[in-house]
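Subject: Structure handover

Hello,

Here is the structure for you to take over. My notes on what was found follow below it.

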Amino acid sequence: MGSKDPLTVLYVIGNGRSGSTLLDIVLGNHPLVESTGERVHLTRTGWISRRATTAADERKRRLPLCSCGGRLDVPSAGEDEVCPFWKEVRKEWVRRAGSEDVERYPAFQEAFERHRRWPRLLRERHRPSPGFRSYARLTLALFEAIRDVSGKPVVVDSSKSPPCAFPLALVPGLDLRAVHLVRDVRGVISSRRKALKKDIRAGIEWDHEPHPVWRSAWWSSLRWSAINLESEMVCRWLGPGRWIRLRYEDFLEDPEGSLRRVGDLVGLDLAELGRSFAAGEEMHVGHNVGGNRLRMSGRVRLRPEAGSWGDSLSAAEVQLAGRIAGPLMRRYGYAG
């Protein structure tokens, strides 16, 4: 494929704990779709170089492990340890963009893919700065490298973050489509109550302490509302026909119908993939970066009960979530 061929990036946008890793993995089982996981974290794993990674915010650095078990820090790892896919992508990206410019990419990400950069990005829409033009060129070259190495015309990026999606929408030559993935805020709160111990090989990069009641309900509801409103803003800017809203619960209940809608968005027939997933067939995990521990499982199957929150929340938590997020919940079809 040449650089002039259409390059479609399907961006999964929305709040965390909403099923983006599962959706990404399932989509990657179509022969024309490459599942990458959270692309935003790729360059923060030592994939470019250790020196380049130090330019990233220390709190956002990630461990260098692909879902295939191979290492992502290609320049540092041994030949028998590296992930072959991301090794070839890096090689192709450097060929397209140049090694010196590639080294600067984490710094460009910090400059343009952060919440505090929203005002600056609004200006970049009309008069792109030299820095943003460099960011756009490197970003396009990265996605072109993923497309060319995989041989698949649609690349899925499930980074979720609205501030990461907005600059992608400004990159010339990149056809950005978005799935605004939402989950009942009560299910998100329930998920954040789970305690997990650090297990690198299982994809758990640090200890997850269960949030206390006040934080799991109050703070999670506020964050859920804010991020989904930001996601709506990005989607509205993309315009009609370039995004859809998909509820996680609907995806679990009706995979075929849900994937048919996603397929219409990117010009692919995904109904058969949906039928296979609904029938309980195993979905193979590709070369995913970031995401939850599901990505390290090798294969996944449909679990319709995964979206339920049942009796895991107290009446006080449910009431508090409804008070804070009620208007948006009703807009998305969730009964208060």
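Trp-224 has a relative accessible area of 0% and is therefore buried (buried means under 20% relative accessible area, exposed over 50% and partly exposed in between, with a 1.4 Å probe and protein chains only). Before the rest, two notes on the source. This is a predicted model, in which local features need pLDDT of at least 70 and side-chain atom pairs count only at pLDDT 80 or more, while totals for chains, interfaces and linings use all residues. Residues are numbered from 1 along each chain as its sequence is written, and side-chain values use heavy atoms, with hydrogens and water left out.

Aromatic pairs

There are 12 aromatic pairs in the structure; rings of Phe, Tyr and Trp (its six-membered ring) pair if their centres lie within 6.5 Å, and planes under 30 degrees apart count as stacked, over 60 as edge-to-face and the rest as tilted. One of them joins Phe-85 and Trp-86, edge-to-face at 5.0 Å centre to centre with 80° between the planes. Both Phe-85 and Trp-86 are buried. Another is the pair of Trp-224 and Tyr-332, which is edge-to-face because the planes stand at 75°, with the ring centres 5.9 Å apart. This pair links distant parts of the chain, 108 residues apart: Trp-224 lies in helix α10 and Tyr-332 in the segment after α14 (315-331). Helices (H or I, at least four residues) and strands (E, at least two) are DSSP runs, numbered from the N terminus. Tyr-332 is buried too, at 5% relative accessibility. Ring pairs also connect Trp-47, Phe-85, Trp-86, Trp-93, Tyr-105, Phe-112, Phe-132 and Tyr-135 into a cluster.

Strand β1

Six of the six residues of strand β1 (residues 8-13) are buried, so the rest of the structure largely encloses this strand. Thr-8, Leu-10 and Val-12 point one way, while Val-9, Tyr-11 and Ile-13 point the other way. Strand β1 runs parallel to strand β3 (residues 154-160), joined by five bridges, and parallel to strand β4 (residues 175-182), joined by six bridges; two strands pair if DSSP finds at least two bridges between them. Thr-8 is opposite Val-154 in β3, and Val-12 is opposite Val-179 in β4.

Helix α10

Trp-219 also belongs to helix α10 (residues 213-238). At 37% relative accessibility, Trp-219 is partly exposed.

Regards
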